[in-house]
Amino acid sequence: MQTRQQQDATLALKHVKEILQKIENGKNEELRKSYVTATHRFPFLVRQNGLQQTLGFYAGKANAKENADNAEAIFYRHICEVLEPEKGEDPAEKLLGVSLEDYMRYSRRCLEAALWYRRFAASLLDDEKITKGKEGEK
């Protein structure tokens, strides 16, 4: 049985590796920078504005048609998996009906998970490592 921290780390590593794979396939270099920024900015936004508003911000980015696959939209989908919404349920709407204790619990849960995303994004999507990897292929 895994601890919640292990589960969060496993999920974050899986998601960040998906981003790394997209970058290595040459699809979107800008995605790397934006995703790292999104992972670094998320905890600050949660502490500054609260989880509900932060999720609303990222959901707004995710719902914009022209930016449907941008870093904020992808990170929104990733962090929503942490909240484990029921099938078809919007996590942002889920938070509207919870008690203060549950809201605080979800906020702590997201902040703890975001730490893993931030760590893996910083280590795996680092500029130098990607550049070295490409140079090594040549």
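Analyst: Let's go with α3: its buried residues pack against α2, α4, α5 and α6. "Buried" here is under 20% relative accessible area, "exposed" is over 50%, and anything in between is partly exposed (1.4 Å probe, protein chains only). Helices are DSSP runs of H or I with at least four residues, strands are E runs of at least two, and both are numbered from the N terminus.

Before we go on, this is a predicted model, so local features need pLDDT of at least 70, side-chain atom pairs count only at pLDDT 80 or more, and totals for chains, interfaces and linings use all residues. Residues are numbered from 1 along each chain as its sequence is written, and side-chain values use heavy atoms, with hydrogens and water left out.

Back to α3. This helix has 13 residues and spans 18 Å from its first C-alpha to its last, close to the 18 Å expected at 1.5 Å a residue. That expected span is 1.5 Å times one less than the number of residues. Which residues of α3 are buried? They are L51, T54, L55, Y58, A59 and A62. Looking down the axis of α3, you'd find these buried residues within an arc of 135°, so they line one face of the helix. The arc is taken from the directions that run from the helix axis to the C-beta atoms. Turned away from that buried side is a face with the exposed residues Q53 and N63.

Now zoom in on L55. Not counting residues up to four places away in sequence, L55 touches F42, Y76, I79, L83, A92 and L95. Touching, or contact, means heavy atoms within 4.5 Å.

In soluble globular proteins, nonpolar side chains tend to be buried together.

One of the residues in α4 is A73, which is buried with a relative accessible area of 0%. The C-alpha atoms of A73 and K61 are 5.7 Å apart, although 12 residues separate them along the chain.

Two rings of Phe, Tyr or Trp (its six-membered ring) pair if their centres lie within 6.5 Å; planes under 30 degrees apart are stacked, over 60 edge-to-face, and the rest tilted. That rule gives seven aromatic pairs. One of them is Y35 with F75, which is edge-to-face, at 5.9 Å centre to centre and 80° between the planes. Y35 lies in α2 and F75 in α4, so this pair ties together parts that are 40 residues apart in sequence. Both Y35 and F75 are buried. Ring pairs link Y35, F42, F57, Y58, F75 and Y117 into a cluster.

H15 is buried, with a relative accessible area of 1%. Apart from its neighbours within four places in sequence, H15 is in contact with Y35, H78, E81 and Y117.

Finally, step back to the whole protein. How many helices and strands does the protein have? The protein has seven helices and zero strands. Buried residues make up 41% of its 138 residues. Among contacts with a separation of 6 or more, 66% join residues 24 or more positions apart.
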